[in-house]
Amino acid sequence: MVHAYILIQTEVGKAAAVASEVRGVAGVTEADDVTGPYDVIVRAEAETVDDLGKLVVARIQSVEGITRTLTCPVVHL
């Protein structure tokens, strides 16, 4: 299982709506509004890195109001 944090920038005033919609995406375990350079931080999981990429590109980036994402896979050092 691959876990990642996805940092999301949204259009002005869209953070709450984006977080709410992203929470309903299969593979998303958490989605929180935050302050700072990003507007929403998501924790997601997938079976493989390829599946994680598909989740981000096909499901998360298609949510209306998202302008940019940054995916940070979790590593165990």
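Modeller: Happy to! The largest nonpolar core holds 21 residues, and among these I8, V22, V42 and I60 touch the most other members. A nonpolar core here is a set of buried Ala, Val, Leu, Ile, Met, Phe, Trp, Tyr and Cys residues joined through side-chain atoms within 4.5 Å; buried means under 20% relative accessible area, exposed over 50%, and partly exposed in between (1.4 Å probe, protein chains only). Two or more residues come from each of β1, α1 (15–23), β2 (28–33), β3 (40–46) and α2 (49–60). Helices (H or I, at least four residues) and strands (E, at least two) are DSSP runs, numbered from the N terminus.

Please keep in mind that this is a predicted model: local features need pLDDT of at least 70, side-chain atom pairs count only at pLDDT 80 or more, and totals for chains, interfaces and linings use all residues. Residues are numbered from 1 along each chain as its sequence is written, and side-chain values use heavy atoms, with hydrogens and water left out.

Back to V22: beyond its neighbours within four places in sequence, V22 is in contact (heavy atoms within 4.5 Å) with V28, A31, V42, V63 and I66.

In α2, the buried residues are L52, L55, V56 and I60. They sit on the same side of α2 because they cover an arc of only 90° around the axis, taken from the directions from the helix axis to the C-beta atoms. These buried residues pack against β1, β2, β3 and β4 (66–73), while D50, K54, V57 and A58 are exposed on the other side of α2.
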